[in-house]
Amino acid sequence: KNVLYRHLILVPKGITQISKTILSPFTHTRNFIGSSVFTVGTGNAFKDPRKLVANFKQAFNTIQPQLLFRNAPKNQAIYRFLLEENVVSSSATARDLAGVLDDIGKGGDVYMRLFGKFGNSMKKLYEKAGDLYVAEDDIWKVFNFLGEFDTYKNAYTNAVKSGLMKSVPSDLQIAKEAAKIVRDTMPNYAYVGDFIQAVRRTPFGNFIAWPVSVIRAGANTIELALKEIANPVLKTQGYKRLITFGTTTGVVVPTLSEIIRNLYGITKDQVAAVREFVPEFSKESILFVYRDDKGGLKYIDGSGAFVYDTFTNPITSVIAGVDEKRVFDPNSSTMKGLYAGLAKAISRFASTFVEPSIYYATMLDLLVRNGETKDGNRIWNPEAPLGEKLSRAAKYALEATAPLSFQQFKRLTQATLDIPGE
C-alpha cells in the first residue's frame, strides 16, 4: 500500500478511534452494559435466578484474559471451543479497529510501538485496556451460549418425555447449535461483509461494523424465533424469544420515555419543541425529557445507550417527523411528516458510511471550513489575532481527539456543578 496514504489517512484514523474506545473508560462501561441488552433481547436474562448467577460466574471464569486468576482447564476448553466456533473474540468494534491497525503496518502494532515510546507502563495500559474491551463483549457471548445450551437441552429432554423426539442430541450437537445462535444473534465482525471491512480503509466512517452487526443480529433474532415457533419441540422458546425481543426493542425504552414525560407534566408538543434545540445527532433519537429544579426542560438521549437503536431508529425518526409537522406545520399532511422522518432515518444510517471519521471531521472544521463546525458553530473569531486562532484550534483538536473520556468527564463535571456548556 501507498506509504503516504497509510500515514496520512490510516494512522490518524486508527489512533483517534482507539483513543475513543479502548482508551475511554466511559466507552468500556457502555460496551459492557450495552452488550447485556442483547441478552435481554434474546430472552436469556429471563431464567431461574440461580441459573443466571451460575451462568454468569461460569462466563466470568471462561473469558480471556484471566483477570483475577488462572482459568481452570474446563473453562479454557469452553473458550477454545467458542473460539473455534467464531463466537468469542469477535467484537465488531474491537475487530474493526484491529483491522485498521493491520492495514497500517506489519503486524498491526503501530499504536503499540507508539505507546512503547512512553515506557512499559503505558504499553501495559494499552494491552490491558484492549484485552478488557474484548472481554466485556465475550462475557455476554459466553453467558448467552450457556443460556441457549440450557434452553435447548431442556426442550429436547421434555420433547423425548412427551414423545416428540426419540432421543436427546449429544451435548456437542447442542453446543454447536447454541454457538450458532449466539453467532447469529449478537454482533460478530466475521459477518459484516467485505464492503464494510473495505470502508475502514477510507477516511470515512466511524466504527461502521457496529450498526451493520446490530441490524444483522436483530433480523436474525426475529428469523430464529419464527423458525422455533414452527418447530413443535421449540415452539414455546420461539414465542418467548419473539415476545422478549419485541418488548426490548419496541416497548421498554419508548414506554420509559412516556412515563418520564407524564411524571413531569410535559406535553408532546413540548417534546417536539425540545427536538428543535438538541444537537443534530439527537433529533431523531428517543428523548427522556424532564424538568430541573427550576422547572426548565432538560433531556437525556435514550438512543445513545440503547444498542438496538440502529434497528429501531427508522420508526423513531418517522414518529419524530410526524410530531414535528403536527406542531410546527399543522396544515401539512401526516404523510409529509412520515416521509420526512423516513428520509432522516435513511440519512442517519447512511451517515455512518459517508461522514468523515473523527480525525478528518476535526481537520475539515479547522482547515477546510476555516474554523467552523458542520453545524455552523465558530471555533474562533475570524477577526482574532493569529495566536488566538492557533490556540483555539489546538484546544479544539485536542478535545475532539483526546483519549481517556476527556470530553465525557468534562460534560459530567459541568452537569454536576450546573455549569452551562460552551
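Helix 11 (residues 235-263) has a kink of about 40°, centred on Thr-248, where the bend is the angle between axes fitted to the seven residues ending at a residue and the seven starting there. Helices here are DSSP runs (H or I, at least four residues), as strands are (E, at least two), numbered from the N terminus. The model is predicted: local features need pLDDT of at least 70, side-chain atom pairs count only at pLDDT 80 or more, and totals for chains, interfaces and linings use all residues. Residues are numbered from 1 along each chain as its sequence is written, and side-chain values use heavy atoms, without hydrogens and water.

The 29 residues of helix 11, at 1.5 Å a residue, should span 42 Å, which agrees with the 39 Å between its end C-alpha atoms; the expected span is 1.5 Å times one less than the number of residues. Among the buried residues of helix 11 are Phe-245, Thr-248 and Ile-260. Buried means under 20% relative accessible area, exposed over 50%, and partly exposed in between (1.4 Å probe, protein chains only). After helix 11 comes Gly-265, with a positive phi near 65°.

Next comes a loop residue. Ser-285 lies between helix 12 and strand 1 (287-291). Because its relative accessibility is 0%, Ser-285 counts as buried. Leaving out residues up to four places away in sequence, Ser-285 touches Arg-275, Asp-301, Ser-303, Thr-316 and Arg-348; contact means heavy atoms within 4.5 Å.
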